[in-house]
Amino acid sequence: MAYNVGVIGVGSYLPDKVLTNFDLEKMVDTSDGWIRERTGISERKIAADDQATSDLAVSAAKKAILDASIKPEDIDLIIVATVTPDMYFPSIACLVQKRLNAVNAAAFDISAACSGFIYALEIAWQHIKTGYCKYALVIGADALSKITDWDDRSTCILFGDGAGAFVLGRVSEGGILSAKMGSDGRGAEYLTCPATFFGKEELAKRNGKNKATIWMSGQEVFKFAVKIMPYAFEKALEDAGISIDQVDWFIPHQANLRIIEASARKFGLPMDKFIVTLQKFGNTSASSIPIALDEGIQTGKVKKGNILAMAAFGAGLTWSSAVIKL
Ligand SMILES: CC(C)(COP(=O)(O)OP(=O)(O)OC[C@H]1O[C@@H](n2cnc3c(N)ncnc32)[C@H](O)[C@@H]1OP(=O)(O)O)[C@@H](O)C(=O)NCCC(=O)NCCS
């Protein structure tokens with residue numbers, strides 16, 4: 001027996017500290033005009049020095065659990081998508097479990113960079129669909145500010161910190177209609193942050209310094225993104241048996257306004273079919289899609305019963321997409 005699996009709770013959290021483009025003008029050779037024109041971003045939120053990724057994750061999770069009207073003990077699976085764990089181990093999922101007292105859950109993290117949230121969603125979906133689990137807490141949480149090279153103007157202007165969470169459970173109709181994941185490791189070198197090993201190539205990218213910070217070939221990632229985002233939307237829609245004009249809201253990964261505009265052009269859609277939050281939050285990595293959905297709900301745009309199409313891409317290179325009837 002396969003169960004219908006729906007999103008029964010949504011929550012997000014963004015840190016208080018705001019870093020504007022004007023602040024960045026004082027840190028690197030850049031300008032508000034350049035950043036807005038090339039990315040659409042005006043400001044982003046940055047975690048405090050004493051705020052860990054797990055803190056962001058717990059705050060988002062608490063809101064999602066409240067929204068779902070369940071108890072932490074009801075949760076039997078916690079999956080956190082992150083590339084900025086507090087520690088190599090334990091996982092953020094285990095730290096969240098402890099803080100929530102979600103004593104009955106199995107908990108683990110997954111690493112698929114900005115595509116990670118939908119990877120986690122897909123894994124949790126399978127577990128509930130088959131009856132193996134009843135309630136899953138799926139979190140996307142990242143504090144990329146902690147691994148940003150603040151001297152590199154080509155990357156430090158892009159990212160922000162945040163967390164978003166869904167509670168998934170059985171529903172009588174609708175719910176997750178499809179979820180897709182894909183990777184192309186041939187592009188692994190284009191977006192990197194070393195952890196335990198600095199190979200020659202990674203050292204060369206960082207002028208011989210073993211800095212554990214983000215390095216990116218922006219143009220290569222951009223080329224991948226404009227190609228893969230419409231493909232990812234199309235794949236998930238095809239699997240769900242939903243046409244483009246049946247979609248109420250497109251919720252894309254929030255990396256760059258030009259990438260989202262390219263998808264809108266490809267589908268002949270106006271930009272107001274897309275939820276866009278990157279102006280205020282930048283690219284918040286694994287948390288960008290649940291944050292955007294929560295923002296859509298909070299602002300009254302997204303309503304119960306809406307059909308949502310989500311698509312993400314990121315380091316790996318990875319991509320993922322999903323269609324959900326809320
Ligand atoms: C990073 C990105 C915004 C750069 O925009 P771009 O239009 O490709 O810009 P380019 O890299 O071609 O650089 C153009 C010029 O601007 C300069 N530049 C780069 N960053 C700058 C900044 N913050 N301010 C001012 N100038 C900058 C470059 O040095 C280059 O100068 P040059 O022509 O003198 O060499 C864009 O490539 C991008 O968004 N890529 C995808 C990144 C992404 O989504 N990553 C996350 C994946 S989840």
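1. The model under discussion is a predicted one.

2. Strand 1 and strand 7 (residues 161–170) run antiparallel and are joined by 8 bridges. Within this pairing, V10 stands opposite F166 of strand 7. In general terms, the strands of a sheet pair through backbone hydrogen bonds, in either the parallel or the antiparallel sense.

3. A further open sheet contains 4 strands in the order 8-13-12-11, again with mixed pairing. Its edge strands are strand 8 (175–183) and strand 11 (249–252), each of which pairs on one side only. Neighbouring strands of this sheet are turned by 10° against each other on average, direction ignored.

4. Strand 12 and strand 13 pair in the antiparallel sense over 8 bridges, and A311 has S321 of strand 13 as its bridge partner. Helix 5 lies across strand 8, strand 12 and strand 13, at about 125° to strand 8. Helix 11 packs on this sheet through contacts with strand 11 and strand 12, its direction making about 150° with that of strand 12.

5. Which residues are the closest to the ligand? They are T30, R38, R153, Q219 and N256, within a surrounding set of 23 residues. This shell divides into 10 nonpolar, 9 polar and 4 charged residues. At least two shell residues each come from helix 2 (32–39), helix 6 (153–156), helix 8 (218–240), helix 9 (257–267) and strand 12 (307–314). Helix 8 supplies the largest share, with 4 residues.

6. An N or O atom in the side chain of Q219 is 2.5 Å from an oxygen atom of the ligand. For R38, an N or O atom of the side chain is 2.7 Å from a ligand oxygen atom. G218 places a backbone N or O atom 3.0 Å from a nitrogen atom of the ligand. Of the 970 Å² of accessible area that the ligand has on its own, the protein covers 74%.

7. Some backbone geometries deserve a remark, because most residues other than glycine have a negative phi and most peptide bonds are trans. F89 and P90 are joined by a cis peptide bond with omega of about 0°, and P90 lies in the loop between strand 4 and helix 4. A cis peptide bond also joins G316 and L317, with omega of about -10°; L317 is placed in the loop between strand 12 and strand 13 (318–325).

8. A113 is not a glycine, yet has a positive phi of about 50°. This residue, A113, lies in the loop between strand 5 and helix 5 (116–129).

Note on methods. Residues are numbered from 1 along each chain as its sequence is written. This is a predicted model: local features need pLDDT of at least 70, side-chain atom pairs count only at pLDDT 80 or more; totals for chains, interfaces and linings use all residues. Side-chain values use heavy atoms; hydrogens and water are left out. Two strands pair if DSSP finds at least two bridges between them. A residue is near a molecule or strand if one of its heavy atoms lies within 4 Å of it. A polar contact is a pair of N or O atoms within 3.5 Å; within protein, one must be able to donate a hydrogen and the other to accept it, and residues adjacent in sequence count only if both atoms are side-chain atoms. Accessible areas come from the Shrake-Rupley method with a 1.4 Å probe; for residues, only the protein chains shown count as cover. Ala, Val, Leu, Ile, Met, Phe, Trp, Tyr, Cys and Pro count as nonpolar, Asp, Glu, Lys and Arg as charged, and the others, Gly among them, as polar. Axes are lines fitted to C-alpha atoms, for helices over the stretch in contact, and angles run from 0 to 180 degrees between N-to-C directions. Contact means heavy atoms within 4.5 Å.
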